[in-house]
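Hello! Here is the structure I promised to pass on to you. Have a look at it first, and then read my notes below.

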Amino acid sequence: MAKYLLLKHYRGNPEPVPGTDVPMDRWTPDEVAAHMEFMGRVIDDLKERGEFVDAQALSPRGEFVRYGGAGLPPVTDGPFAETKDLIAGWMAIDVDSPERAYEAAAFLSSAPGPGGRPLHEWIEVRPFLTDDAEVTG
């Protein structure tokens, strides 16, 4: 088994499907509810398969923080709600193969959006770093 992080982005999909790139704050309450119910079903399915690790939705608000130097306060910059790479949420899974991780991500990508149509959103699939993983800089 190998762990993967499935990242959902608020924006930044390489090629959004027309009509699916409507921000969630413009969805109807029923559309949001249907989306959240779908996400719950995905989690339940992954739990039944023994593949679910954890999942969290994230707020669009946030700031970048870095070390400011010895004795200095942290340096902050943001919030960056307009950035194209803002993470909406994540799901950690533990699966048998990269192909299974891609299958789970593709299903997650079919979550309903405006009008109940699948979002076809791009899901970033990132393996957890292991001792034998390649490290790049």
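Just after helix H1, Gly50 takes a positive phi of about 75°. Please keep in mind that this is a predicted model, in which local features need pLDDT of at least 70, side-chain atom pairs count only at pLDDT 80 or more, and totals for chains, interfaces and linings use all residues. Residues are numbered from 1 along each chain as its sequence is written, and side-chain values use heavy atoms, with hydrogens and water left out.

Now to H1 itself. Helices (H or I, at least four residues) and strands (E, at least two) are DSSP runs, numbered from the N terminus. H1 covers residues 29-48, which is 20 residues. From its first C-alpha to its last it reaches 29 Å, close to the expected 28 Å; that expected span is 1.5 Å times one less than the number of residues.

Which residues of H1 are buried? They are Glu31, His35, Phe38, Met39, Val42 and Leu46. Seen down the axis of H1, these buried residues fall within an arc of 100°, so they line one face of the helix. The arc is taken from the directions from the helix axis to the C-beta atoms. Buried means under 20% relative accessible area, exposed over 50%, and partly exposed in between (1.4 Å probe, protein chains only).

The buried residues of H1 pack against strands E1 (2-9), E2 (52-57) and E5 (87-95), and against helix H2 (98-109); contact means heavy atoms within 4.5 Å.

Next, the charged pairs. There are five salt bridges in the structure, each a side-chain nitrogen of Lys or Arg within 4 Å of a carboxyl oxygen of Asp or Glu. In one of them, Glu121 pairs with Lys8, with the closest N and O atoms 2.2 Å apart. Glu121 sits in the loop between H2 and strand E6 (123-127) and Lys8 in strand E1, 113 residues apart. Glu121 is buried at 10% relative accessibility, and Lys8 is buried at 11%.

Glu51 and Arg100 also meet in a salt bridge, at 2.7 Å from N to O. Glu51 lies in the loop between H1 and E2 and Arg100 in helix H2, so this pair ties together parts 49 residues apart in sequence. Both belong to a network of salt bridges that links Arg49, Glu51, Arg100 and Glu103.

Enjoy exploring!
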